[in-house]
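Let's take a walk through this one together. Have the viewer open and follow along as each part comes up.

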Amino acid sequence: MQEDTIAAISTPLGEGGIGIVRISGPEALKVSGKIFKSKRAGLEEIKSHRMIYGHVCDRLTGEVVDEALFCYMKAPHSYTREDIVEINCHGGMVPLRKTLELVLAEGVRLAEAGEFSKRAFLNGRLDLAQAESVIDLIRSKTEAGLKLAVSQLKGDLSKKIREIQDKILGILAQVEVNIDFPEDDLEEATGKDIICAGEVLLEQIKSLIKGADAGIIYREGVKAAIVGKPNVGKSSLLNALLREKRAIVTDVPGTTRDVIEEIINIKGIPLRIIDTAGLRETEDLVEKIGMERTREATDRADLVLPVLDATEGLSREDFAVLALAGAKKCLVIVNKIDVQDKKIDMEDLKKLAGGRKVICISAEQGTGLAELEDMIADLLLCGKVDQSDSYMVTNIRHKQALEKAAFHLSEAISSIKGLVPVDIVAIDLRDAWEALGEITGMSVTEDLIERIFRDFCVGK
């Protein structure tokens, strides 16, 4: 446990029904007892995990700052495994800040970003993967992302990683017997058993890596840019996907002059969708700036959604729009398919699309939108839209650690097959074990720990 006591406001800034000042450390109960007054004689005898009613008071002036509820969680049965006090104030910035100031005035230190979760990790309450899932849970934008974060917070992925690590240790023990007794060569039967066991573990690691791209998409989301010439229905498509009128829609070309960003849920994927200014030749300075931002937004996008007008033939602007996507993932959308007078040549478009998928919709009527969402999810996840795997990797850092472990385990297997000295095999096995330990925090540097928790919010 840490020797100093820390405190912070743990609820979002702004107005709300409740705001919480959290205190953690050996002096939590003693310090809070100086500023919180109830009808009880004192807080020394308060039972853990009980709430009591009282008032936050300025110890020097006796002034009542707020009416509040007080909760004490005795170590080790708390989030940080330290003594924790949470003072539930009214959710306004003035009472919260004043309460925090009174706590800090008693010698308590202001918590750093993520320090409560960092203490939970250092005190063995959470492993590193579980601690990282806390911020994933807070930031989740869809139910699918929430489900994966909760699964990792429960320790499902950590359990799987530890199982693989334990089996690697078993293989390492067999190999190290031959290092300790060099006069005994690695028997052929034993070597085959080690290779077989190693290949099974390698497949398990590769399976986790294979699902990581989908998991990272569920966690971090995807940027998608809607592009096209003016009046093809880009803003209508955004409104239709959002199920609300977010963007202004008119028949006047150039209505959208700046990028508009919104997050929508596509089959559990947080899609940050960008409605851009129409691409055309113009002398309007403001419109030119909007089109330049369109190109910048397209460069940043992971997915490009070119929109074409079914009531018009393919034009030079349409060719430019399709070219703008480059090598990015792309789904070509033909809008206004509900109109009788359709002039677009679908055969020519399919040739121009160059193997990219094409879908016909009516943003105004809602025709084809469900199919569009299915195609977007299928394109992003390569057909794997199932979030039921509780072991799904959702963190780039975890994926990189798995790739490192797979490399070293593969090297160890190849070394055994090539009759390389067993001490070399043992080094690769240890490296594989340590790479997996980077996920749970069993083998991780202090700098990495600092970097991970620095991304957390203050108060968590």
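A word on terms before we start: buried means under 20% relative accessible area, exposed means over 50%, and partly exposed is what lies in between, using a 1.4 Å probe and protein chains only. What you have here is a predicted model, where local features need pLDDT of at least 70, side-chain atom pairs count only at pLDDT 80 or more, and totals for chains, interfaces and linings use all residues. Residues are numbered from 1 along each chain as its sequence is written, and side-chain values use heavy atoms, with hydrogens and water left out.

Now the overall picture. The protein has 16 helices and 13 strands; these are DSSP runs numbered from the N terminus, with helices (H or I) needing at least four residues and strands (E) at least two. Of its 460 residues, 48% count as buried. Take contact to mean heavy atoms within 4.5 Å. Among contacts with a separation of 6 or more, 69% come from residues 24 or more positions apart.

Let's start with the aromatics. In general, a pair of aromatic rings is described by the distance of the centres and the angle of the planes. The rule used here pairs rings of Phe, Tyr and Trp (its six-membered ring) if their centres lie within 6.5 Å; planes under 30 degrees apart are called stacked, over 60 edge-to-face, and the rest tilted. By that rule there are 3 aromatic pairs. One of them joins Phe121 and Phe453, a tilted pair at 6.2 Å centre to centre with 35° between the planes. Phe121 sits in helix H3 (residues 115-122) and Phe453 in helix H16 (residues 446-454), so the pair ties together parts that are 332 residues apart in sequence. Both Phe121 and Phe453 are buried. Ring pairs also bring in Phe456, linking it with Phe121 and Phe453 into a cluster.

Next, the nonpolar interior. In soluble globular proteins, nonpolar side chains tend to be buried together. A nonpolar core here is a set of buried Ala, Val, Leu, Ile, Met, Phe, Trp, Tyr and Cys residues joined through side-chain atoms within 4.5 Å. The largest one has 35 residues, and those with the most contacts inside it are Leu237, Leu271, Ile273, Leu305, Leu372 and Ile376. Helix H13 supplies the largest share of this core, 6 residues. Have a look at Leu305: leaving out residues up to four places away in sequence, Leu305 touches Ala224, Ala225, Ile226, Val227, Ile273, Leu331, Ile333 and Ile376.

How do H9 and H13 pack, and at what angle? Helix H9 (residues 234-242) meets helix H13 (residues 369-381) at about 85°, with the axes 11 Å apart. Those axes are lines fitted to C-alpha atoms, for helices over the stretch in contact, and the angles run from 0 to 180 degrees between N-to-C directions. Angles of 65 to 115 degrees count as roughly perpendicular, under 35 as roughly parallel, over 145 as roughly antiparallel and the rest as oblique, and H9 and H13 are therefore roughly perpendicular to each other. H9 brings Leu237, Ala240 and Leu241 to the contact, while H13 brings Leu369, Leu372 and Glu373.

Over to helix H7 (residues 188-210), where you'll find Ile205. Ile205 is buried, with a relative accessible area of 0%. Setting aside neighbours within four places in sequence, Ile205 contacts Ile164, Leu402, Ala405, Ala406, Leu409 and Leu436. The C-alpha atoms of Ile205 and Lys399 are 9.8 Å apart, although 194 residues separate the two along the chain.

The loops have a few things to check as well. Lys141 belongs to the loop between helix H4 (128-139) and helix H5 (143-154), and is partly exposed at 46% relative accessible area. Not counting residues up to four places away in sequence, Lys141 touches Ile263, Pro270 and Arg272.

Finally, some backbone details. Most residues other than glycine have a negative phi, and most peptide bonds are trans. The peptide bond from Ala75 to Pro76, however, is cis, with omega near 5°. Pro76 is in the loop between strand E5 (64-73) and strand E6 (84-91). Arg81 also lies in the loop between E5 and E6, and has a positive phi of about 65° despite not being a glycine.
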